[in-house]
Amino acid sequence: MSKQINVALIGNPNTGKTSVFNALTGLNQKVGNYPGITVEKKEGICKLPRGVKAHIIDLPGTYSLNASSLDENVVIELLLNRNDKDFPDVAVVVSDVENLKRNLLIFTQIKDLEIPTLLVINMADRMDYKGISLDIDYLEEHLNTKIALISTRKNTGIDNLKHLIANYKDISVTPCINASEIDKTYFENLRKAFPNQLIYKLWLVITQDVNFGKTDRKQIEAVDDFKTKSKADLKRLQQKETIKRYQFINNVLKLGQTIDVSQAKDLRSRLDRVLTHKIWGYLIFFVILLTIFQAIYDWSSIPQDFIDSMFTSLSQWTKDILPQGAFTNLLAEGIIPGLGGIVIFIPQIAFLFLFIAVLEESGYMSRVVFLMDRVMRRFGLSGKSVVPLISGTACAIPAIMATRNIESWKERLITILVTPFITCAARLPVYLIIISLVIPDSRFMGLLSYQALTLMLLYLIGFLTAVSSAYILNKILKIKSKTYFVVEMPNYKLPMFKNVAITVIEKTKSFVFGAGKIILAISIILWFLASYGPGEQFNNAENIVKTEYISQNLSNELLQQKIASHKLEHSFIGITGRAIEPSIRPLGYDWKIGIAIVSSFAAREVFVGTLATIYSVGSDDVDTITNRMSKEINPITGGPLFNFASGISLLLFYAFAMQCMSTLAVVKRETNSWKWPTLQLVIMTAFAYIVALIAFQLLK
Amino acid sequence: MQDTLAHLKRGERGIITDVSSIHIPLKLLEMGCLPGNSVELVQLAPFHDPMYLNINGTHLAIRKETAAHILIDKVTL
Amino acid sequence: MNDIIQNILVFIAMAYALGFLIKKFFWKKPNRKKSCGSAGGC
């Protein structure tokens, strides 16, 4: 059996660590989660010379081994646990040539754990540009390591890196510095108490427990005795340690690195002068936002229309080619439209991730965070909440996943809780059809269309509700969490095509296969409930309807429609619908709308499809559904069912209600508790109900 | 009175003298915010907050409340 | 014959969908054994 080498990629954020990972593994990677927590775990396989394989883990970016977030803690947990199956045979610290000094901090810490550690200096192509030269031999000697000087952008040095990984056994494990010098007596006592343990590991465990309090390592439990120092004292020691490490690093770099400042060209300050400017900065951000919206709605409408018609014809084709029967119907009316409901969102999701990946890779996102922090903080959010709120206009699912880099748990939680108020793409089809029914197709002062105005208003309502509920949550949530805010402002970089492409593919895949399975399963169940029913009324529907209309001499087509609608009314879903009807009648809806609403909890856009089925309209043509809907009569008033009052009530209900199982599932995953998704579901839906009720009662 | 980072104006520089306050996250020190290092205020968002700094070549942004705990000596050019 | 096969397939699909949802939302995944730290083993 060939031996597999475990490799851990470690390094500061923005050093191109992920580029190195991509360069080593290509698409031969998978993204999962660490057990029990929501931190992404990226691993891949890399083929090394002579048939050796390396199993590579891309650990979350961190500045040091002193974790302050869940992501960073993963790194320490792994490096402290020699029994972990992923424990690295060799640690590869990725640094970038422009920030070598800062990147070396974590390098010296890992060296102290006596793990073979290799140093990668990335972005070597920028050395000339920045006037930097390195004495690699000198650095290798004084850092006790091997160095791979590479450029993922120019694709140089990767083979050398693979070679060094394969020969990891040659790397010295001698630490760079002696950390115990920061408090000799304290560390001496520690050493006496645990003669078999690595002193630096003990120190990390002690400080880690103080900082994070989440580690459980039975073996060193007795370190409790050594927490004799107060929190402040320990922190002071950590500061001392950091200073000591920087002294060492400065000494090494003094001779190993020369920077000719006169050679350096500075694009960043010129760009920053404009992009973070008090006026221009906001203006440019606004223009970028507009472009993104334009792209998401306009550009993706073409592939979406194509996908839509593809699935419609696929349904038809299935019905034509397979023998008639229940399973054929399930395929044609349940599974294929269900799949279509997932696939149709791929263009939007892909575009969204494309833009976000480009903004992030280029370094611009940090500038937005900088610009928006103050404004967002008024509402209990962070500058970093801007990203999820923008993404939320496409879909709340990726938006909620994008909250991960918010340091403060409170700010992150509030962002997660309010994001579903943002008008997502799935609400759009519902809005469009109802607006076309109940809002007059005329223009305000002959200029602005009332219909467009209503749509804009709905977007505005979504955003304002999100922001004001954040404000309220900020006042009522009593969560103490560190509120510090540190954002690195990385250099501007041209996004690398490979990185962007891999991000878009991976994220889209995880959306399709994650949320997709749920949507598919629900659509199967919905179809089942709508196609089967108990008792005579359902099973004998054909005869009952035929006898009822025997005198009217209906056309065959119309008769079939009547039968289908009778069956539906007595199917499981119809019975449920009529059972819930009393609770939605005050809002101006009948049982069919009720069913459409209930099925919308799988995904909002199901609304139109459900009504289409219920009103037994054969084609998916919006116009026909609209006509059908406008002909529906409210049995109590005798007027049209969809009038101004019930329409507005329905619009408001969709604006506020938490009707998306997939979002709830993601919130559960991200908050690791059922409490928050349950609260979201109950409070948002109750609020939607009350607002819709008031609207209908006032307007009717 | 001792100057803090929060007192810097755009384009001004200082030398960090003390970072021992408990309100300063360790992460900031790790990014190079250490006594003796020079710091330049690159850009300010409206209301003077957050602050975009260049500390010895590392560019980062912090909130004003944190900056107020970092003591500096202003450097007059 | 066709009808029976079709019905069986429907029920399999249904059971599969239900099973999937239940597993996804209500099944508490047994937590993998927590790591136990130091070099000495657990």
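**Figure 1. Confidence along chain B of the predicted model.** Within chain B, confidence is lowest in helix H1 (residues 26–30), at a mean of 86. It is highest in strand E4 (residues 51–55) of chain B, at 92. Chain B has a mean pLDDT of 88. Of its residues, 97% reach 70 or more.

**Figure 2. An open sheet of seven strands, with strands from chains A and B.** The strand order is E12(A)-E5(B)-E4(B)-E3(B)-E2(B)-E6(B)-E1(B). Pairing is antiparallel. Strand E12 (486–488) of chain A and strand E1 (3–4) of chain B stand at the edges. Each has a single partner strand, so one side of each is left without a neighbour in the sheet. Helix H15 (residues 364–377) of chain A packs on the sheet. H15(A) touches E12 of chain A, and also E4 and strand E5 (58–62) of chain B. The direction of H15(A) makes about 150 degrees with that of E12(A).

Figure 3. Asp3(B) stands opposite Ile72(B) in E6(B).

**Figure 4. Strand E2(B) and its neighbours E3(B) and E6(B).** Strand E2 (residues 13–18) of chain B is joined to strand E3 (residues 38–44) of chain B by three bridges. Five bridges join E2(B) to E6(B). Both pairs run antiparallel. Ile15(B) can be followed to either side. Towards E3(B), Ile15(B) stands opposite Ser38(B). Towards E6(B), Ile15(B) stands opposite Asp73(B).

**Figure 5. Helices H25(A) and H26(A) cross at roughly 105 degrees.** The pair is formed by H25 (residues 572–584) and H26 (residues 591–600) of chain A. Their axes come within 8 Å. From H25(A), the contact takes in Ile573(A), Gly577(A), Arg578(A), Ile580(A), Glu581(A) and Ile584(A). These meet Trp591(A), Lys592(A), Gly594(A) and Ile595(A) in H26(A). By class, the contact has five nonpolar, two polar and three charged residues.

**Figure 6. Ala530(A) in helix H21(A).** Helix H21 of chain A spans residues 497–531 and holds Ala530(A). Ala530(A) has 22 other C-beta atoms within 10 Å, so it is buried; the cut-off for a buried residue is 20 or more. Met127(A) lies 403 residues from Ala530(A) in sequence. In space, the two are 66 Å apart, C-alpha to C-alpha.

How values were computed:
Residues numbered from 1 in each chain as written. Chains lettered and ligands numbered in written order. Predicted model: local features only at pLDDT ≥ 70, side-chain atom pairs only at ≥ 80, totals over all residues. pLDDT = per-residue confidence, 0-100. Helix = DSSP H or I, 4+ residues; strand = E, 2+ residues; numbered from the N terminus. Pairing = 2+ DSSP bridges. Contact = placed C-beta atoms within 7 Å. Axes fitted to C-alpha atoms, helices over the stretch in contact; angles between N-to-C directions. Buried ≥ 20, exposed ≤ 12 C-beta atoms within 10 Å, placed from the backbone. Nonpolar A, V, L, I, M, F, W, Y, C, P; charged D, E, K, R; others polar.
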